[in-house]
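Good morning, colleagues. Please bring the structure up on your screens, and I shall take you through it in a few steps.

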Amino acid sequence: MKKWNTLAPLTLSLFFLYSFASKDLGDAATEPGDIVGVWMPSEGTAYVRIFKEKGKEVYHGKIVWLKEPNDAEGNPRKDDQGNPILNMLNLRDFVFEDDEWVNGTIYDPKTGNTYYCTIEMVNKNKLEVRGSLDPFGIVGRTDTWVRMKTN
Amino acid sequence: MEEEEGEMVIDYANLVQTEENKAFCSSRILGQQPMKIISLGYDLQTAHTLQPDPFVPGGPADAEQLNNARGLRLGINYPVYSKNDLLVNLGLNYAHTQYAFETPTLVTDNPLSRALDNNGLTTLGVTATVFKPLNIKRYFIVQFGANLNGDYTLNDIQALRYTRYTASVIYGIKSNDRKMWGVGATRTYLGGALNYLPVYYMMYTSENKKWGLEMVLPARFQYRRNIDDKNLFLLGWEIEGNTYRINNDGDPYGLPFNDLELRRAELRVRATWEHALTPQIWLSAQAGFRYNWSFDVDRGDFFRPFGDDTPYLAETNLSNPAYFNISINWVSP
């Protein structure tokens with residue numbers, strides 16, 4: 001009993017210290033709107049602006065910048081179906097559930113393939129975007145996207 | 001589609017990253033044939049002849065007529081970890097070849113003929129493949145394989161001490177989205193026996209995306225014609241090889257040793273049609289000729305480089321038939 005009395009203040013202090021530190025170091029709850037903004041996939045050749053659809057709790061993403069916007073002939077880059085890549089809606093129909101944006105799809109204009117997609121926020125400036133062949137994300141690939149800000 | 005906040009006016013060209021995000025090259029190029037995650041196939045060699053040497057002086061060495069050699073092939077190549085900075089695939093492969101003799105063999109026949117007639121040849125193995133990009137252009141590929149090869153059945157599987165190990169390392173450069181290449185070395189049983197070989201790896205798609213080349217030399221070379229989104233035509237060759245333990249436990253072949261290794265290696269020159277039934281389910285139909293390189297028997301498994309003149313225990317003449325292979329595949333496009 002005496003030992004407990006001695007350790008109790010130390011334990012309580014550590015608990016409060018941990019609570020304070022974890023809150024301060026980015027353990028704050030993720031909000032649905034945190035995903036809104038301009039993001040750069042790891043390849044660094046495009047920016048995607050993620051936005052909320054008006055009047056709905058649904059998020060989409062649009063390719064808003066290309067490192068090389070034109071092809072070798074000087075024409076705007078297009079996918080294999082002939083659709084312009086700039087301003088293309090390549091992320092569609094994400095809803096926020098359990099700290100993730102789920103039930104969406106991602107379109108890869110390079111290959112012309114559409115994949116199931118889930119987005120997880122690592123921190124306020126970093127996303128893990130997983131495209132997959134199956135709706136459960138079992139067979140897929142995860143890419144890291146970082147937030148872009150004004151200089 | 002109307003946005004909640006309205007269209008924002010942003011000078012995208014002047015944005016900066018909030019965090020570093022190192023770019024890495026991906027493991028595939030545009031136009032490449034889809035990666036087979038699960039493949040279930042059937043392989044059929046048409047009629048041919050087998051002429052084995054005797055295993056002991058004066059032993060049986062009758063020529064045999066084979067109506068066919070056929071069997072199931074299953075391959076699984078699953079990406080267990082797939083991020084932009086590391087890709088790890090684990091695989092499982094199973095292949096069985098049953099040899100259909102025109103006349104069933106007798107206990108007085110050649111041991112190789114009897115072994116093939118009894119259980120055929122089976123391979124069961126696992127692979128691990130790691131693709132490690134170093135940056136946007138450079139990468140490593142490391143692959144390990146462990147296989148059980150022999151005349152065993154799945155009901156009476158071969159002992160693990162006869163596992164044969166293979167490994168490859170490739171260092172490569174991805175020049176652009178349509179070309180990647182690399183060089184390396186491999187520990188392989190491609191020629192039937194253990195060998196160490198240099199490797200040249202290249203994946204290429206032309207600028208108009210109509211054709212390409214896919215090669216891992218010396219094992220495989222393919223010219224690819226991208227007909228449309230649902231059809232690919234491939235023309236090329238593949239070398240298939242392994243060493244197979246012929247089990248003499250209990251001395252069924254009346255031989256004074258139990259360390260027989262069948263050194264099988266063959267060149268398959270073939271045309272392949274790959275067709276998308278759905279975006280993720282592809283049918284693969286292949287036809288070609290199977291040229292025998294080695295179907296000879298050694299005592300024990302040992303390093304046998306090209307040009308090695310160590311005599312075989314018994315050499316085999318195997319004629320060269322046409323072959324067909326059809327498979328259904330779950331792919332990653």
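Let me begin with a question: why does B:Lys209 count as exposed? Before I answer, please keep in mind that this is a predicted model.

The answer lies in a count of neighbours. B:Lys209 has 12 C-beta neighbours inside 10 Å, and therefore counts as exposed, since the cut-off for that class is 12 or fewer. As to its place, B:Lys209 lies in the loop between strand S10 (195-205) and S11 of chain B. Its backbone also deserves a remark: phi of B:Lys209 is near 60 degrees, a positive value in a residue that is not glycine.

Is B:Asp251 buried or exposed? B:Asp251 counts as exposed, because 10 C-beta neighbours are found inside 10 Å.

The bond joining B:Leu217 and B:Pro218 is cis, with omega at about 10 degrees. B:Pro218 itself is found in the loop between strand S11 (211-217) and strand S12 (220-228) of chain B.

I turn now to chain A. How many helices and strands does chain A contain? There are one helix and eight strands, and in sequence order the pattern reads α-β-β-β-β-β-β-β-β. Chain A has 151 residues, of which 28% are buried. If we take the contacts in chain A between residues at least 6 apart in sequence, 32% of them join residues at least 24 apart.

Finally, let us consider how the two chains meet. Chain A contributes 32 residues to the contact and chain B contributes 26. On the side of chain B that touches chain A, the elements giving two or more residues are strand S1 (15-17) and strand S4 (64-83) of chain B. The residues on that side comprise 11 nonpolar, eight polar and seven charged.

Which strand of chain A pairs with S1(B)? The partner is strand S8 (residues 140-150) of chain A, and the pairing is antiparallel, over three bridges. To locate the pairing on your screens, you may look for A:Thr150, whose bridge partner in S1(B) is B:Leu15.

Thank you for your attention.

Terms used. Residues are numbered from 1 along each chain as its sequence is written. Chains are lettered from A and ligands numbered from 1 in the order in which they are written. This is a predicted model: local features need pLDDT of at least 70, side-chain atom pairs count only at pLDDT 80 or more; totals for chains, interfaces and linings use all residues. Two residues are in contact if their C-beta atoms, placed from the backbone, lie within 7 Å. Helices (H or I, at least four residues) and strands (E, at least two) are DSSP runs, numbered from the N terminus. Ala, Val, Leu, Ile, Met, Phe, Trp, Tyr, Cys and Pro count as nonpolar, Asp, Glu, Lys and Arg as charged, and the others, Gly among them, as polar. Two strands pair if DSSP finds at least two bridges between them. A residue is buried if 20 or more other C-beta atoms lie within 10 Å of its own, exposed if 12 or fewer, and partly exposed in between; C-beta atoms are placed from the backbone.
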